[in-house]
Amino acid sequence: MSGKQKGILFVSGAYIIWGLLPVYWRQIETVSPYEIIAHRIFWSFIFMVLYILFTGRWQYLKTNLTFIFSDRKKALSLVAASIIISINWLTYILAVNQGHILEAGLGYYINPFVSILLAFFILKERFSKGEWLAIFIVSLGVIYMSLGVGHIPWLALTLAVTFGVYGLIKKTINIDATYALAVETAVLAPIALLYILYLNASGVNTLDLGLNRDTMFTMGTGVVTAIPLLLFALGAVKIPLSLTGLLQYIGPTLMLFIGIFLYGESFTATHQIAYGFIWAGLILYTLLRFKASRPRGPKGKVKLTDD
């Protein structure tokens, strides 16, 4: 199997797992979302520490930490990234366990366009007229859905914005994704552990720490958080960015199907029209990015390779 094939396999696997995660979260829907997020942070940290130790990457983590904390701005950015991704995780769990899987999926459909706007306003990047047209078409879909269902899809927008801002911060920090999760969860792990202990000491916890089904699923949140991220980190370096961008729609598409066919969420005519706009914008944007990423010869012709 070639490196590119492995890359496609790893990245696709990551997005498939992310797309199927609503099923996992629904297994512990009786547990408080705030308790879940505390466990998710803590057990993700434990899993990543064990992974780094067993793979002999501790020295690389130490190098990354020295690089980050030698710069006050990068250190503060890391803390901000930790908080923002926790808000994203909490919003996602709330959306899924309150029966809004479709809206959660919508958030990840529109996330690339939030990232474009952030790059335009913050990083001063410039985009083509076609890309702006794609943004406009997606915006029409969001506006139409808001008018049709009678409220702004705040859960979707929160997911899209928090993940977009998280990606922007990560771009400025420039740390390997594997170590990033370890460091980001390390920042909040002490707070998460204190919260878990407080809930148990005060008797207001919804999760019994005994070896039962809910406990095992909750401890497993660290695994289901880390595994797809590791797969993505391994695969993304082996394939073009344009292909990664195309594969990212596997996740929200699976969420859409799960919400409709597994949990019976309503997919009305309003949703169909709104998603029609959004998918049209996504297709246009993807085609433009794919075209822009193709290598060209001296006179603008596509350069042929043996790959």
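I began at the start of helix 4, where a side-chain oxygen of Asp71 comes to within 2.9 Å of the backbone nitrogen of Lys73. This is a predicted model, in which I take local features at pLDDT of at least 70 and side-chain atom pairs only at pLDDT 80 or more, while totals for chains, interfaces and linings use all residues. Residues are numbered from 1 along each chain as its sequence is written, and side-chain values use heavy atoms, with hydrogens and water left out.

**Helix 4.** I noted its range as residues 72-97; helices here are DSSP runs of H or I, at least four residues, numbered from the N terminus. Its 26 residues reach 38 Å from first C-alpha to last, close to the 38 Å expected at 1.5 Å a residue, the expected span being 1.5 Å times one less than the number of residues. I found 19 of the 26 residues buried, so helix 4 is mostly covered (buried: under 20% relative accessible area; exposed: over 50%; partly exposed: in between; 1.4 Å probe, protein chains only). After the helix comes Gly99, with a positive phi near 80 degrees.

**Glu184.** I placed Glu184 in helix 8, residues 177-202. Glu184 counts as buried because its relative accessibility is 4%. Setting aside residues up to four places away in sequence, Glu184 touches Leu78, Ala81, Ser82, Tyr166 and Lys170 (contact: heavy atoms within 4.5 Å).

**Lys6.** I then looked up Lys6, in helix 1, residues 3-26. Lys6 is partly exposed, at a relative accessible area of 36%. Apart from neighbours within four places in sequence, Lys6 is in contact with Met1 and Lys238. Its C-alpha is separated by 37 Å from that of Asn212, 206 residues apart along the chain.

Key:
Helix = DSSP H or I, 4+ residues; strand = E, 2+ residues; numbered from the N terminus. Polar contact = N/O pair within 3.5 Å; in protein donor to acceptor, adjacent residues only side chain to side chain.
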